[in-house]
Amino acid sequence: MSVRLSPISGTAIGLGAVAAGGLAYAAGYEVRAFTLRRFTIPVLPAGSASLRVLHLSDLHLTPGQRKKVQWVRALADLEPDLVVNTGDNMAHPDAVPTVLDAYEPLLRLPGVFVFGSNDYYAPTPKNPARYLLPTDETPRVQGIELPWKELRDELRSAGWVDLTNARATLQVDGRTLAFAGVDDPHLELDEYGAVRGRPDPSADLAVGITHAPYRRVLDSMLHDGYRLLLAGHTHGGQLCIPGWGALVTNCDLEPARAKGVSRHPSPNGKALRRDMIWREGPVGDDDDAAWLHVSAGLGTSPYAPVRFACRPEASLLTLVGRH
């Protein structure tokens, strides 16, 4: 006996199969398809030799994630001049040794860091649909406190500079870099008043560091004269629409700039979606705008271990002289 499906039933089955296949791809492959993105940014004084910055964010490491650990360790082969870590390193109370194992060869290099919410608190199960809705005033439910002080002390003792609501000046490959960083704006821990003010005018470059790219922080850093801004937190949207991009950022930055390099303020609300150097004349020389790089990060919450059209990433930023 044959069974004949109605057109509606056949369509439903087809859509279900596509959805199941997409979920299998997102959870079984893409979430582990670690990718190195490269950008060249003309932000140094004209005529400067290049400076290579490795930007890491949102590893959300748990014990046993050996593939991710080995991939991060291998990034030391790039021989960057500086490592910038914008937080959310761990997602488990026993993850500090795993994080330190991943960073061990990179800790021999100059580095700076700030923390994010998932350095302070473990993730908790949440309704994933809430992430797709506008930010509301519902109190956040935090998980157990993570051993962030232990991780902070280990990173500091290795020589990385803690920019938690702090300023610092580093000599990197013969250049003077002035930094300002804030604690996680997503938890409203940022205290920009502690770092407010113009950076050292003798510095070759002023860099602002934050975990979450909230516009209040980006605008303040821009106003004070920081011309390279680095952040994470967004996961690049995590579940994106191919050909369109992110739907959400989990902050007040527009989704079109959920990952990659853009100008801040952005003249067109978009990020540069490919490895490139900006060569459009006046934009590259605009002293009233900063360059913003938002990392899509390398991990996810253990309760949402999927990515779609948004591979986990680290970024190598080659800083060069302005045109």
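**View 1. Asp252 and Arg215, a partly exposed pair.** Asp252 counts as partly exposed, at 32% relative accessibility (buried means under 20% relative accessible area, exposed over 50%, partly exposed in between, with a 1.4 Å probe and protein chains only). Arg215, at 38%, is partly exposed too. The two form a salt bridge, with their closest N and O atoms 3.8 Å apart (that is, a side-chain nitrogen of Lys or Arg within 4 Å of a carboxyl oxygen of Asp or Glu). Asp252 sits in the loop between β9 (228-231) and β10 (260-264), while Arg215 is in helix α6 (residues 215-224), 37 residues away. Helices (H or I, at least four residues) and strands (E, at least two) are DSSP runs, numbered from the N terminus.

This is a predicted model: local features need pLDDT of at least 70 and side-chain atom pairs count only at pLDDT 80 or more, while totals for chains, interfaces and linings use all residues. Residues are numbered from 1 along each chain as its sequence is written, and side-chain values use heavy atoms, leaving out hydrogens and water.

**View 2. Glu313 and Arg37, a buried pair.** Here the side chains meet in a salt bridge at 2.9 Å, N to O. Glu313 belongs to strand β12 (residues 313-321) and Arg37 to strand β1 (residues 35-44), so this pair links distant parts of the chain, 276 residues apart.

**View 3. Asp101 and Arg73, joining two helices.** Their closest N and O atoms are 3.0 Å apart in this salt bridge. Asp101 lies in helix α3 (residues 96-103) and Arg73 in helix α2 (residues 66-74), so the bridge ties together parts 28 residues apart in sequence. Asp101 has a relative accessible area of 25%, and Arg73 has 24%.

**View 4. A network of salt bridges.** Arg73 and Asp101 turn up again here, linked with Arg66, Glu104 and Arg108. Across the structure there are 11 salt bridges.
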